[in-house]
Amino acid sequence: MAGPARGSITIDVEECKGCGLCVESCPPKCLELAPELSSYGVHPARYTGHDCTGCGICFYCCPEPGAIIVYRLAPPAKTLVAQSQPGGGHAATL
Amino acid sequence: MAENNVIPEQLKTITDQYEVVHSKSKLFYPEYERKSDLKHQTHYCPGCGHGVAHKLIAEALEDLGLQDQTILVSPVGCSVFAYYYFDVGNVQVAHGRAPAAATGLKRACPDKIVIAYQGDGDLAAIGTAEIVHAANRGEKISVFFVNNAIYGMTGGQMAPTTLVGQRSTTSPWGRRPVNEGFPLHMCEMLSSLEAPVYIERVALSDNKNIMKARRAVRKALELQRAGAGFTFVEILSPCPTIWGKDPVEARKWVGEKMIPQFPLNVFRDHTVEIPNNNVPPHKTVAELVEGERKAGSDTPIHRKHHHFRDLGIKIAGFGGQGVLLLGQLLAEMGMREGLEVSWLPSYGPEMRSGSAHCHVCLAKDRIGSPVLSRPQVLIAMTEISLRKFATQVAPGGTIIYGREKLPDDLSIPQAQVICIPASEIADKLGSAKVANVVILGALLEETECLSPATAMQVLENKVKNPALLELDRKALDAGRLYIDHAVAMGAVTQADGFAQ
């Protein structure tokens, strides 16, 4: 894949309970459960590092309020616009 | 929002290129006030549907800008701690009573967004009456009903929504309709009512249905914001722990087993005009009394200088003696004289001949409790009530006993006892029924707690028949005169009015 992925996500390992719903739900299958255990003894979800589209499905399937942050690649021309609108972070998905 | 979250080191390089599209809603507290040390996680099990439902509600409230206007009513059940998470106004109420509490909140604060968040044990079992009647009244609240077909918090007992054949700790061989009945379909039940404006069932079974649930939650809140009426969203939700499934399987089970039993549908989506006829006049009690006084007579009652700070009167006798009515008369008199009053009746199921008593408080300040454990005045219309309540009277208090003399074996050292044969006096006047008014006359003359003129005003207002009103006037005077003359002449056990 040329250039950076359209989206990206970060997962808070301390908040993730390792339920695996995000892994199951991710349309491009770019999430996986980490083989190592978190400090709570679960395998937390993690981003494989490629193919994320920033669709946000994982965010809505995750039961934890803040475990997942979804990013989307900002087109350079629109970056300024997006940054100047604090409410712009909730573009509709699907 | 990006600035509220710690961006991991490895991603700092891409934050220039990427913008945050989804992150923790500002509607959630940054840190949860949980009792344990896990303050950054919810208390829900991994894969629990409550977390998703919480996020959908939080996102909708944030996007609609309703955070500062929202009151969330937490139920009893796993979601009892919803107030740990939602940074809105929170109330946690008794099991099943969320719609009743929400009714009060919404009526008291009509400009607020009031949400009742309930589970299936809460809403469809112990709270069935509350939800049905709140819906039937068309209360302008939003109810989010999270249905996972089981009692989760208490350990997996059968819920009203448990599927036929589904095992639970209280239906270990599967739910049998012949013994436990069929699952309750709340959406269908509520959509048989006239008042609700929006009823939809959604499911957290897969990506698509979660996004439909998101739209339903948002729509319910938008409708409430517009003041449309009662909105209800049932959310079929997984309970991996109690179902004994892993989170992914549990979510699939919602789609495969629950949805066929609880079909997803918009059951109601229309505007409802609830007729608002026969609107009662919006007046306070004081205004109402004031208005009647002006209409009823031209002579205003001067606010009396009452000699007490507060006075507790207990009136006891048989049902039919006018015990409760006498209390009401006193309370209304007190109200007309500008006092704080309360009237608390206690009676059996019989309208006649059962024992009855009531407590009347007259006070210059707010009344703390309408129950009197140590009344200053006891009015005992019968010997039974006298024996029952005489010892309760506060030291130095007064007992007005509706018989000619005290029983020989009874001694009440702490109180002043006045005996007045009220029934006999009333009978001579024309009707034994006015014995309670005779007693009222005696009470007013003896204690001077309220003015006899006020008593007449209240009676004029209550008694429309002129002949009966005249009888009441005579009875009131007779009671007062009896105290003035007969008691002074030694009709009580002791000449000074005090028992030994």
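In which strand of chain B does Phe232(B) lie? The residue belongs to β7, which covers residues 231–236 of chain B. The model discussed here is a predicted one.

## Two buried residues of chain B

Phe232(B) has 29 other C-beta atoms within 10 Å, and it is buried because 20 or more such atoms are enough for that class. Not counting residues up to four places away in sequence, Phe232(B) touches Ala135(B), Val143(B), Phe145(B), Leu190(B), Pro196(B), Tyr198(B) and Ile199(B). Pro177(B), in turn, is 55 residues from Phe232(B) along the chain, and the C-alpha atoms of the two are separated by 27 Å.

Gly441(B) is part of a helix, namely α16 of chain B, residues 435–447. With 28 other C-beta atoms within 10 Å, Gly441(B) is buried. Apart from neighbours within four places in sequence, Gly441(B) is in contact with Ala475(B), Leu476(B), Asp477(B), Ala478(B), Gly479(B) and Arg480(B). Between Gly441(B) and Lys474(B) there are 33 residues of separation in sequence and 9.7 Å in space, taken from C-alpha to C-alpha.

The table sets out the two C-alpha separations.

| Residue pair | Separation in sequence | C-alpha separation |
|---|---|---|
| Phe232(B) and Pro177(B) | 55 residues | 27 Å |
| Gly441(B) and Lys474(B) | 33 residues | 9.7 Å |

## Chain B as a whole

Chain B contains 18 helices and 14 strands. It has 500 residues, of which 45% count as buried. Among the contacts in chain B with a separation of 6 or more, 65% are between residues 24 or more positions apart.

## The side of chain B that touches chain A

Contact between the chains involves 36 residues of chain B and 33 residues of chain A. On the side of chain B that touches chain A, the elements giving two or more residues are β1 (18–22), α2 (49–63), α9 (207–225) and α11 (247–261) of chain B. The largest share, six residues, is supplied by α2(B). By residue class, this side of chain B comprises 18 nonpolar, 12 polar and six charged residues.

The helix α2(B) has 15 residues, and its first and last C-alpha atoms are 21 Å apart, close to the 21 Å expected at 1.5 Å a residue. Of these 15 residues, 13 are buried, so α2(B) is largely enclosed by the rest of the structure. After α2(B) comes Gly65(B), which has a positive phi, near 70°.

## A sheet formed by both chains

Strands of a sheet pair through backbone hydrogen bonds, either parallel or antiparallel. Which order do the three strands of the open sheet follow? The order is β1(A)-β4(A)-β1(B), with antiparallel pairing. At the edges are β1 (7–11) of chain A and β1 of chain B, each of which pairs on one side only. Neighbouring strands of this sheet are turned by 35° against each other on average, direction ignored.

The link between the chains in this sheet is the pairing of β4 of chain A, residues 68–73, with β1(B), which is antiparallel and runs over four bridges. Within this pairing, Val70(A) stands opposite His22(B), and Arg72(A) has Glu19(B) as its bridge partner.

Terms used: Residues numbered from 1 in each chain as written. Chains lettered and ligands numbered in written order. Predicted model: local features only at pLDDT ≥ 70, side-chain atom pairs only at ≥ 80, totals over all residues. Contact = placed C-beta atoms within 7 Å. Nonpolar A, V, L, I, M, F, W, Y, C, P; charged D, E, K, R; others polar. Pairing = 2+ DSSP bridges. Expected span 1.5 Å × (residues − 1). Buried ≥ 20, exposed ≤ 12 C-beta atoms within 10 Å, placed from the backbone. Axes fitted to C-alpha atoms, helices over the stretch in contact; angles between N-to-C directions.
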